[in-house]
Amino acid sequence: MSQQIARPKGSRSEAPRTRYEDDLYTWVGEQVALLRAGRLDEIDAENIAEELGDVGKSEYRELRRALTLILAHMLKWDHQPERRSRSWDNTISAQRLHYANALKDSPGLKSRRAEALRDAYEIARRAASSETNMPLRTFPEACPYDWADILERPFDFDAIEREEAH
């Protein structure tokens, strides 16, 4: 952290602070120190607001990314049963946890679940098409899964292998 930030509250004869555009990491440290010191008249409010907005966007993207991976693997699972793998099963399971954690960490995202699902499904559909080498039209245009399917439907590769062995 920059030494000029640690100066007493009354001292204003400081060297210029780091510019947001020049060094984000140092700028953040300086802004945090100013906020904690109660020196609100010295903060870079416009760029702080921009960064806070980006944090919200990042949280939404994390939720959408988890849904995208779940959906892409569900589509592949359903449309290429001969290629099912433990890896697909594990990915679905791990991404369900990421999804749950994203909502736990940012409960306000619950109001955007439907939007995230719409966005994620289109990305997942295209990914499934690319990864399976199947035409995009193979996959439904609208998401064929409800929330129970997405979050709870069992995918147990080991159980499938056991069934096939009998």
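Glu122 and Arg125 sit three residues apart, about one turn of the helix, in helix H4 (residues 113–132). Helices (H or I, at least four residues) are DSSP runs, numbered from the N terminus. Glu122 and Arg125 form a salt bridge, with their closest N and O atoms 3.8 Å apart. A salt bridge here means a side-chain nitrogen of Lys or Arg within 4 Å of a carboxyl oxygen of Asp or Glu.

This is a predicted model, in which local features need pLDDT of at least 70, side-chain atom pairs count only at pLDDT 80 or more, and totals for chains, interfaces and linings use all residues. Residues are numbered from 1 along each chain as its sequence is written, and side-chain values use heavy atoms, leaving out hydrogens and water.

The search of the whole structure finds 10 salt bridges.

| Salt bridge | N to O distance |
|---|---|
| Asp22 and Arg19 | 3.0 Å |
| Asp54 and Lys57 | 4.0 Å |
| Glu122 and Arg125 | 3.8 Å |

Asp54 and Lys57 both belong to helix H2 (residues 45–79), again three residues apart, about one turn of the helix.

Accessibility is sorted into buried (under 20% relative accessible area), exposed (over 50%) and partly exposed (in between), using a 1.4 Å probe and protein chains only. Arg125 is buried because its relative accessibility is 8%, whereas Glu122, at 28%, is partly exposed. Asp54 is partly exposed at 28%, and Lys57 is partly exposed at 47%. Asp22 has 55% relative accessibility and so counts as exposed, while Arg19, at 47%, is partly exposed.

Salt bridges also link Arg17, Arg39 and Glu42 in a network.

Notes:
Helices (H or I, at least four residues) and strands (E, at least two) are DSSP runs, numbered from the N terminus.
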